[in-house]
Amino acid sequence: MSILNYVGYFSFFLIILQIINQVIILFSPIKANIFTRKYFSWREVNRFIEKLAERIKEDNIEYGMICGTGRGGGILAALLSYKLKLVPVLVLDRKYTIDDTKHERSSLCIEQKVILDSQFQDLLKKPVLLITPQSDPGVTLNKYKEILKQSGFSGGIDKCALIASERTLDVDLRYVSRRYKPDTKCRKFPWEKNNPDLMEHPIHL
């Protein structure tokens, strides 16, 4: 058997492995394991956003503002804005904290009030979409919904997460792309590459 035959068999084997990998990703797209990539690709994120934009258009909702929680939420808000004819974007940030006495981790929302210039006051009466990459168990989304309400937004506030734990089933998420079990190790998002893991390096109380 010639070297070309071996190369051909090896190439065929690699193609089969790639097909198996794609099938696994198709049926378990958010789990991180030996068969899937550690991070979502930008193409996958864009696909999430395109499907979300289609659902919003089908629901015939015209959001006056898209509000992203944290850095990842800000990126998603910007991507979605382009799909919805440049809806204004607002980003609200938070930090992760850990209570050493209880060994519990939570997110600490930066307390702030949203103040709009007079020329944007009409946005207060329009619906707002609050978006985050991942929700578990949904405390941060609830907190920022309250902050927006206290800031005068009266047009309704919908919450959205690309991926959400089953612990958020009791949270009123209007849009969610995928659900996962609380003990699932999920894939991370592409903007998290080579950056500090905020959830693994929280502020100690």
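Is Trp42 buried, exposed or partly exposed? At 47% relative accessibility, Trp42 counts as partly exposed; buried means under 20% relative accessible area, exposed over 50%, and partly exposed in between, with a 1.4 Å probe and protein chains only.

Before I go on, the basis. This is a predicted model, in which local features need pLDDT of at least 70 and side-chain atom pairs count only at pLDDT 80 or more, while totals for chains, interfaces and linings use all residues. Residues are numbered from 1 along each chain as its sequence is written, and side-chain values use heavy atoms, with hydrogens and water left out.

I'll stay with the aromatics. The whole structure contains four aromatic pairs. Rings of Phe, Tyr and Trp (its six-membered ring) pair if their centres lie within 6.5 Å; planes under 30 degrees apart count as stacked, over 60 as edge-to-face and the rest as tilted. Phe40 and Phe48 make an edge-to-face pair, at 5.7 Å centre to centre and 80° between the planes. Both of these residues, Phe40 and Phe48, are buried. The Trp42 and Trp191 pair is tilted, because the planes stand at 50°, with the ring centres 5.7 Å apart. Trp42 belongs to helix H2 (residues 42–58) and Trp191 to the loop between strand E7 (173–180) and strand E8 (203–204), so this pair ties together parts that are 149 residues apart in sequence. Helices (H or I, at least four residues) and strands (E, at least two) are DSSP runs, numbered from the N terminus. Trp191, at 16% relative accessibility, counts as buried. Phe40, Trp42, Phe48, Phe189 and Trp191 form one aromatic cluster.

Now the sheet. It is open, with five strands in the order E2-E1-E5-E6-E7, and the pairing is parallel; two strands pair if DSSP finds at least two bridges between them. Strand E2 (89–92) and E7 stand at the edges with a single partner strand each, so one side of each lacks a neighbour in the sheet.

What about strand E6 (residues 157–165)? Nine of its nine residues are buried, so E6 is largely enclosed by the rest of the structure. Strand E5 (residues 128–135) pairs with E6 in the parallel sense over seven bridges, and Ser135 has Ala164 in E6 as its bridge partner. From E5 the chain crosses through helix H4 (residues 139–150) to E6, a right-handed β-α-β crossover: with the strands pointing away from the viewer, the path from the first strand over the helix to the second runs clockwise. On the E7 side, six bridges join E6 to E7, and Ser165 has Tyr180 as its bridge partner.
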